[in-house]
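Dear colleague,

I am passing on a structure for you to look through, and my notes on it follow below. Please read them with the model open beside you.

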Amino acid sequence: MSEKSPDRPTELRTGLRRRHMTMLAIGGAVGAGLFVGSGSVIRTAGPAAILSYAAAGALVLFVLRALGEMVVARPVAGSLAEYARMALGPWAGFTIGWLYWYLYVILVGAEAVAGAAILASWIDLPQWLLAAALLVLMTGVNLVSVRSFGEFEFWFASIKVAAIAVFLVLGVLYVLGLWPDSPGGLHTLTAHGGLVPNGVTSVFSAIVAVMFAFGGTEIVTIAAAESAEPGRAVARATGNVLWRVGLFYVFSIFLVVSILPWNDAKVLTSPFVSALDRLDVPAAGTVMQAVILTAVLSVLNSAIYVSSRMLYVLTRDGDAPAGLTKLTSRGVPVRAILLGTVAAWGAVVASYVSPDQVFKFLMNSIGTVLAFVYLAILLSELRLRRRLERDDPSSLTYRMWLYPYLPWLCVLALAAVLVSMAFMREQRSQLIASLVSLAVVAAIYPLRRRFGSRPPVAAPPLTRSR
């Protein structure tokens with residue numbers, strides 16, 4: 001069939017339904033970082049990790065509100081890069097688009113490796129083979145249709161939410177003294193050095209790690225272009241971030257540190273499993289391993305989707321080879337998906353060939369990319385908001401709070417996070433490696449501008465499409 005066949009679509013299809021978008025938004029806020037990574041945050045800040053999660057969650061909420069304003073006004077595929085292009089110029093769209101693609105390609109490889117490590121405890125096969133099987137499986141899901149992606153993500157997110165809901169119920173019963181052999185009360189919060197045992201600075205140190213645990217909440221805005229009601233879906237999803245962060249992160253961490261002493265060695269390995277063990281829940285470890293595997297597969301599924309859509313947008317704007325725009329009869333950018341999967345294989349191979357050097361550098365190189373993306377979102381909103389108020393004020397039906405003061409405050413907060421990382425020995429390598437990634441991508445843009453087959457795409461006018 002030729003490229004111009006009338007049976008082949010030229011635009012992404014709107015196959016995501018309201019329930020897909022709802023669970024995609026919820027699932028994006030809950031990953032393996034909550035179930036496992038929260039242990040290191042608790043060991044850093046003690047019970048005050050609750051404050052770290054609340055502060056970081058508020059910052060992410062404000063960033064998503066700014067992004068939601070732009071998506072509702074101008075829904076477009078690959079929104080992160082497109083808004084940077086509209087507001088800051090073609091170089092910003094190119095840089096943010098490729099950085100974001102790189103972030104999720106590395107995540108595809110990393111999550112495949114993490115999932116294989118879990119499966120290896122149940123299936124007697126080489127981990128590289130299990131990683132390959134997971135990559136093939138989730139790539140296949142994305143190749144079928146966007147609705148297939150949404151359906152899998154719906155059920156993955158449902159399992160994660162159900163697991164946390166059960167944990168919250170059991171934790172509340174334990175704290176209230178209604179669970180068998182439960183002492184009740186909140187004495188564990190202050191019995192081991194107080195609420196802030198490691199000092200106030202530890203709370204801010206933990207915020208750096210916590211902020212990146214919320215990565216993925218922005219995926220719903222990228223998927224909006226393939227939903228039937230993009231504006232309404234994004235407004236609902238981003239508006240509900242507050243209670244999701246408060247319930248799933250802040251309250252669940254509150255229960256963990258209320259059940260377990262923060263300095264218990266088990267907290268560092270798996271805080272949720274250790275808390276359930278304290279409650280004598282049968283097979284808690286096995287059940288939680290299954291839930292963590294679900295979270296890993298959810299991130300893997302979403303990462304393949306996001307990387308392909310971002311590459312599709314870069315291709316459409318002339319920042320990537322034109323051949324990658326080819327869509328299947330179901331409106332799936334098959335070549336963009338396959339290229340991302342092939343690139344992810346580099347990370348998988350590195351994890352087994354050179355885990356302490358190449359793979360470690362790859363993981364560090366995406367450590368603060370999300371902060372760069374958040375900065376681009378806020379700066380784009382600050383500029384586009386002025387243009388929309390002048391040219392099309394009726395489109396601003398979903399607005400950022402306290403404009404322009406709150407966006408600028410968030411910019412300063414993100415800058416403070418990046419600066420503080422330079423003074424933290426455990427975070428410094430991530431900052432340096434991520435700055436190298438940013439510098440490499442930025443350095444490529446002049447080459448793209450000079451030798452690209454198409455000139456850079458300028459920011460389109462802010463006129464509402466009919």
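The protein chain averages a pLDDT of 86, and 94% of the residues score at least 70. Over residues 1–5, however, pLDDT stays under 50, and for that stretch the model has 6 contacts beyond four places in sequence. Where pLDDT is low, the predicted coordinates should not be read in detail.

The helix I had in mind is H4, which runs over residues 79–88 and is mostly covered, with 9 of its 10 residues buried. Among those buried residues are Leu 80, Glu 82, Tyr 83 and Arg 85. Which elements cover them? What covers the buried residues of H4 includes helix H3 (49–73), H5, helix H9 (219–223), H14 and helix H17 (369–391). Just after H4, Gly 89 takes a positive phi of about 115°.

The largest nonpolar core has 148 residues, and those with the most contacts inside it are Phe 35, Tyr 100, Met 211 and Ile 377. Helix H5 gives the most to this core, with 17 residues. If neighbours within four places in sequence are left aside, Tyr 100 is in contact with Leu 80, Glu 218, Ile 222, Val 306, Met 310 and Val 373, and Leu 80 is one of the buried residues of H4.

Leu 99 has its place in helix H5. Is Leu 99 buried or exposed? Its relative accessibility is 0%, and therefore Leu 99 counts as buried. Leaving aside neighbours within four places in sequence, Leu 99 is in contact with Val 369, Phe 372, Ser 437, Leu 438 and Val 441. The C-alpha atoms of Leu 99 and Ala 442 are separated by 9.3 Å, although these residues are 343 residues apart along the chain.

Lastly, there is the largest pocket, in which about 1600 Å³ of space lies. It is lined by 50 residues, of which the closest to its centre are Gly 33, Leu 107, Glu 111, Phe 212 and Met 363. The elements that give two or more residues to this lining include helix H1 (18–28), helix H2 (32–45), helix H8 (200–213) and helix H16 (358–365), while H5 gives the most, with 9 residues. By type, the residues of the lining divide into 29 nonpolar, 17 polar and 4 charged.

With best wishes

Notes: Residues numbered from 1 in each chain as written. Predicted model: local features only at pLDDT ≥ 70, side-chain atom pairs only at ≥ 80, totals over all residues. Heavy atoms only, no water. 1 Å grid on protein atoms, 1.4 Å probe; cavity = no way out; pocket = protein on both sides within 12 Å on 5 of 7 lines; lining within 4 Å. Points joined across faces, edges and corners; volume = space filled by probe spheres on them. Helix = DSSP H or I, 4+ residues; strand = E, 2+ residues; numbered from the N terminus. Nonpolar A, V, L, I, M, F, W, Y, C, P; charged D, E, K, R; others polar. pLDDT = per-residue confidence, 0-100. Contact = heavy atoms within 4.5 Å. Core = buried A, V, L, I, M, F, W, Y, C linked by side-chain atoms within 4.5 Å. Buried < 20%, exposed > 50% of the residue type's maximum accessible area, 1.4 Å probe, protein only.
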